[in-house]
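Dear colleague,

My notes on what was found in it follow directly after it.

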Amino acid sequence: MHPTMITTSTCLLVVLVLLLFPILTTFSPKPSPHHWASSHVKTAVKTAFFVSLAPLFLFLNEGTETIITNWSWMNINTFDINMSFKFDHYSIIFIPIALYVTWAILEFATWYMHTDPQMNRFFKYLLIFLVAMIILVSANNMFQLFIGWEGVGIMSFLLIGWWYGRADANTAALQAVLYNRIGDIGLILSMAWLAKTLNSWEIQQMIFLSKDLDMTVPLLGLILAATGKSAQFGLHPWLPSAMEGPTPVSALLHSSTMVVAGIFLLIRLSPLMENNQTALSVCLCLGALTTLFTATCALTQNDIKKIVAFSTSSQLGLMMVTIGLNQPQLAFLHICTHAFFKAMLFLCSGSIIHALNDEQDIRKMGGMQNLAPLTSTCLTIGSLALTGTPFLAGFFSKDAIIEAMNTSHINAWALILTLLATSFTAIYSLRVVYFVSMGHPRFITLPPINENNPSVINPLKRLALGSIIAGFLITLNYLPLKTPILTMPPSLKLAALAVTIMGLLMAFELAQMTSAQFKPLPKLTPHNFSNMLGFFPILIHRLLPKISLTLGQAVATQTVDQTWLEKTGPKSMTSAQVPMISLTTNIQQGLIKTYLTLFFLTFSLAMMISLS
Amino acid sequence: MTPTHFSVSSAFILGLMGLAFHRTHLLSALLCLEGMMLSLFIALSLWSLQLDAAGYSSSPMLMLAFSACEASAGLALLVATARTHGTDRLQSLNLLQC
């Protein structure tokens, strides 16, 4: 076999083994030492990262992609299910990035979760999650992808509910599972349709056999799966609620890796979607709606983690829009660059939260630029990368997406929504930076602000480096499969930048107004809409169940009893007779009035008859 | 209908209505009864004159005699009511009615 092939296959399988090994050692009855987390798990991930760089460099040099089919798992007549790994350009680029980000997060978590008695278990859960994510990303058939899909869902549940003594955390974990389950319905529907129609779950065969078929049903199922997993509008409330978990969980799962699983699924199966205009339009409109709605909600949140969570949701909407534009590679590029700066934003938030003695409300922060300079600098770098500042990481992906959007035949509504969401991104990023690092401190004087621990500094530095150069490096080496449109009027070319700068200027103006009270009783309708998340959670989680339950109660207790006893049974008899009876006894009271009136009536009747 | 006929009929009907609808005092019912009797007396008198029927000339006198008896019976009832109930109001006769 060719040495390149051997090297690539070996390295990638070694990565999996390196990550599985610490998990398997926990099955032994000997209790692990307290520093097992930092010595074993973090080292495993670090080594796996360096090992995974070898296939990456070979791919960049020679373009080697591999598919490794290990084991024939089962077959049902002519339907084969194998254990098969696909290391194409998507997986080979994503796996080192995921490992790099995870390495930084694990190192940070050794500081963040230092006082937690179950730290080893926490790291084990994170590692199992990472393995499931890599299985999902490298799967060559739908069965293996489904295994990874469910794995990340379950680990998300366990990690969000890490502090299970807190009722809110349990509710959030349950929400995550339920919303993901609804998406899973779509995935299983697609898998069933594909098994029935194409008789295969291997990605190669599916793409080849589906050339002339009408794929609307499975594609809508896949879009539903992505809606559930990647928090698109309609199934989005679990993502901000998932911030109940510890910050390393938010950084790893709910910003870089798990939530992009849905988008990754659509990217993997994008050849199925190329010719189906319905599916593409659904993706486009859903993504545009998501990105604007969640950006609006992010504008008035006061919890720093919730702002970053809504920012993640907004970027996921942008990725969905890109898929709707039939540009899966740009979506993948955005996934890669987004992982860096979003994880860094979460780690900065975690550092600030711990520094201010677990304070998460931005109205009670301030002045961190002087008190925690490295953290607030990294926060600023991350925010700038997020808004698409030219030549930082986010610029290469975000600007390319908006250029592609401006120059394609799509509906103007989606375009306007996305541009508006881009300007909102600048607004809420400035809001975070303003409230956290600028101005005077708004907290009490003795919080334990200390960022001098290398476990905090090194991950932030590594991720900051990634946020600055990752976009540049990836676009240098990654050939686009679709030719981008390179000529456009300057207004379209600068649209993203102009919209972002406008948002930034408006946010500056608004920030000047925060210290002056404009009106004594302002009309707060838009603020309330945004702050209450568009009233979506209240309606869906509280009002709809309440209506269903009260309907059930009314039917079960009142309606049945009333029908059988009062309307059709004994009481119906009385209720039919009594009105007639009371009407009749009205005349029979023995009043003189009655007699005299009757006398008069009879007499006048007689007069009429006699006179006519 | 001739004016005579009309006026006599309307007098009778007005008296009847007064009898049926004045329900405050017993005395007002008796007075209306007297009014009805008066209109009947006039009707009878005019009737025998209009039709030149001499045989009916004495009917008004008969009518008057009987109405006097009836009026005295009514007055006796009034006095008895006033003696037992203290007033001639018709509400007091209905007091035990629920």
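To begin with the interface, chain B and chain A bury about 1200 Å² between them, and carbon and sulfur atoms give 79% of that area. Please bear in mind throughout that this is a predicted model. As general background, the size of an interface is often expressed as the accessible area that is lost when the parts come together.

On the side of chain B that touches chain A, the residues divide by class into eight nonpolar, four polar and one charged. In terms of contacts, 13 residues of chain B meet 10 residues of chain A.

Turning to chain B itself, the unreviewed UniProt entry carries the annotation "transmembrane region" for residues 6-22, 29-49 and 61-82. Two of these spans may be described further. Residues 6-22 of chain B are 94% helix and 0% strand, and their end C-alpha atoms lie 23 Å apart. For residues 61-82 of chain B, the span is 100% helix and 0% strand, with 31 Å between the end C-alpha atoms.

The next topic is Ser530(A), which is located in helix α23 of chain A, residues 525-531. Is Ser530(A) buried or exposed? Its relative accessibility is 4%, and because buried means under 20%, Ser530(A) counts as buried. Leaving aside residues up to four places away in sequence, Ser530(A) touches Thr296(A), Cys297(A), Leu299(A), Thr300(A) and Gln301(A).

The last topic is Phe508(A), which has its place in helix α22 of chain A, residues 495-512. With a relative accessible area of 37%, Phe508(A) is partly exposed, because that class lies between the 20% and 50% limits. Leu430(A) stands 78 residues away from Phe508(A) along the chain, and the C-alpha atoms of the two are separated by 7.7 Å.

With kind regards

Key. Residues are numbered from 1 along each chain as its sequence is written. Chains are lettered from A and ligands numbered from 1 in the order in which they are written. This is a predicted model: local features need pLDDT of at least 70, side-chain atom pairs count only at pLDDT 80 or more; totals for chains, interfaces and linings use all residues. Side-chain values use heavy atoms; hydrogens and water are left out. Helices (H or I, at least four residues) and strands (E, at least two) are DSSP runs, numbered from the N terminus. Buried means under 20% relative accessible area, exposed over 50%, partly exposed in between (1.4 Å probe, protein chains only). Contact means heavy atoms within 4.5 Å. UniProt positions are given in the numbering used here, feature names are shortened, and annotations may be inferred rather than shown by experiment. Buried area is the accessible area (1.4 Å probe) that two parts lose on being put together, summed over both. Ala, Val, Leu, Ile, Met, Phe, Trp, Tyr, Cys and Pro count as nonpolar, Asp, Glu, Lys and Arg as charged, and the others, Gly among them, as polar.
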